[in-house]
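Student: I have a structure open here and would like to go through it piece by piece. Can we start with the helices and then do the sheets?

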Amino acid sequence: MNQLPLFGHGRHLLSTQQFNDENLSDLFALADAVDPIAAGEAVCTVLDGAILGSLFFEPSTRTRLSFESAFLRLGGEVTTTTGFTFSSMAKGESIHDTARVVSGYSDVLVVRHPDEGSVQEFANASLVPVVNAGDGAGEHPSQALLDVYTLSRELKKRDLGVDSRTIAIIGDLKYGRTVHSLMKLLSLHKGLTFKVYSPSSLELPEPIAEYARARGHEVVDCDSVIEAVSGSDVVYCTRVQRERMTDEVKRGDKFRGRLLDKQMLREADALDIIIMHPLPRDSRSASFDLSDDVDDLPGLSIFRQTDNGLRIRMAIFLTVLGCSVDSVKATLKQRPWHAKLDWDVK
C-alpha cells in the first residue's frame, strides 16, 4: 500500500495512505462545493452519461446507498450487483475476470469484498478507476475521509482545529477497519493523542499504533471506557465485528452490556463530548455498542457523519473523473420539486 500513487484524476482509491495535506484539502473543498446538491437544494448533471459499476459482495446499507446516491445526484447512472449469489463468482469466476469484464461496462467501479486485499486485485485487472468500499478487516478509505471531514466540521463549530486534539477510540479495534483507516488518515495532522480502549482479544493491531507513533502522535492504552473518554475532545465508537471472528471466538462471546452510555459519560464528566460512530449501531439490548440513550446529547454526530458521506463520495467521484468545482457550478440548477417531510408529527 505504501507504493500507491496519490489519489487524483484517473486514480484508484484503495487506501488512506494515498493522501497528503494538499489532496485531502482539495477533496474537502469539493465536498463543501457539493453541499447544495447533497442537501437537496439543487440538482446537477456534471456526470451526465457516466456509469458507475457498484459491486458489493458483502452486506451494506449506508455505504452502498450513499455511493450510488452520490453518483446519481451528480447526474450519472448506476449498475449494481450485491452478494456472491447474484454474481458470476458463484460459478467460480475469478476476481480478475469479473473486474476485467465489468470495468468494460463502467466508467468507475466501487467494490466491497469480505477478503482483505481483494479490492487491490480488482484494481489490478480493471480498465477504469476502482474505489475501495471496504475489504475485509483491511481498509475503508471513504469512511475515514467522511469521518475526518465530520470531525473537522464538528470541532470547527467549537472554534477548534484537529491538531493537538485528544481522541478516544473504543470498541472492536482489531477487526474494525474503520479505525485502522481513520488513525492513518488523522496521522496527517499534528500532535494528536489517541486514547484507545477495547475488550481483551480485540486490541488495536500494533502496526496501526506504530504508524501513528512514527508520525509524532501519542497512543495511550486505557483500562476502561471512562478512562479513555475523560479529558478527550471526541469519542469514536465501533461495534464488535462478530462477522469477522472465528467460530471459536463467537462461541465464547463475552462482549455483552453497553460499550458507551450516558451514565459512563456523566462519570467521565464528558456529557458534551463529540460522539462519533461509523454505523451500523447494534441497538439490541446488551449488544456492547453505543447506547441510544446518548442520542439527545449535543455532541452526537453519528447522523451528520452519514450525511457527510454523501458529500465526500460525490467529491471522490468528481476527483476520479476530473471534474472541477467550476464544472459542478456550471451544471447546477434549482430543482422544481420539494422532497422534505412537511408533516408536524405529534
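Student: Which helices do the buried residues of α1 pack against?
Tutor: Keep in mind that this is a predicted model. The buried residues of α1 pack against α2 (35-38), α6 (141-157), α7 (177-186), α12 (302-320) and α13 (325-330).

Student: Which residues of α1 are buried?
Tutor: They are N23, L24, L27, F28, L30 and A31. These residues cover an arc of only 155 degrees around the axis, so they sit on the same side of α1.

Student: And what is exposed on the other side of α1?
Tutor: D21 and E22 are exposed there.

Student: How many residues does α1 have, and what distance does it reach?
Tutor: α1 covers residues 21-33, which is 13 residues. From its first C-alpha to its last it reaches 18 Å, close to the 18 Å expected at 1.5 Å a residue.

Student: What does the side chain of N20 reach at the start of α1?
Tutor: A side-chain oxygen of N20 comes to within 3.1 Å of the backbone nitrogen of E22.

Student: Sheets now. In what order do the strands of the four-stranded one run?
Tutor: The order is β3-β2-β4-β5, in an open sheet with parallel pairing. β3 (77-82) and β5 (130-135) stand at the edges with a single partner strand each, so one side of each has no neighbour in the sheet. Neighbouring strands are turned by 10 degrees against each other on average, direction ignored.

Student: How many bridges pair β4 with β5?
Tutor: Four bridges, in the parallel sense, with β4 covering residues 108-113. V110 has V131 in β5 as its bridge partner, and V111 stands opposite N132 in β5.

Student: Where do side chains point along a regular strand?
Tutor: They alternate between the two faces of the sheet.

Student: What joins β6 to β9?
Tutor: Five bridges join β6 (residues 166-171) to β9 (residues 234-238), and the two strands run parallel. In that pairing, A168 stands opposite V235 in β9.

Student: Which residue has a positive phi of about 60 degrees although it is not a glycine?
Tutor: That is D159, in the loop between α6 and β6. S164 also has a positive phi, near 70 degrees, and is a residue other than glycine. S164 is placed in the loop between α6 and β6.

Student: Is D159 buried or exposed?
Tutor: D159 counts as exposed because its relative accessibility is 73%, and the cut-off for exposed is over 50%.

Key. Residues are numbered from 1 along each chain as its sequence is written. This is a predicted model: local features need pLDDT of at least 70, side-chain atom pairs count only at pLDDT 80 or more; totals for chains, interfaces and linings use all residues. Side-chain values use heavy atoms; hydrogens and water are left out. The expected span of a helix is 1.5 Å times one less than its number of residues. Buried means under 20% relative accessible area, exposed over 50%, partly exposed in between (1.4 Å probe, protein chains only). The arc is that of the directions from the helix axis to the C-beta atoms. Contact means heavy atoms within 4.5 Å. A polar contact is a pair of N or O atoms within 3.5 Å; within protein, one must be able to donate a hydrogen and the other to accept it, and residues adjacent in sequence count only if both atoms are side-chain atoms. Two strands pair if DSSP finds at least two bridges between them. Axes are lines fitted to C-alpha atoms, for helices over the stretch in contact, and angles run from 0 to 180 degrees between N-to-C directions.
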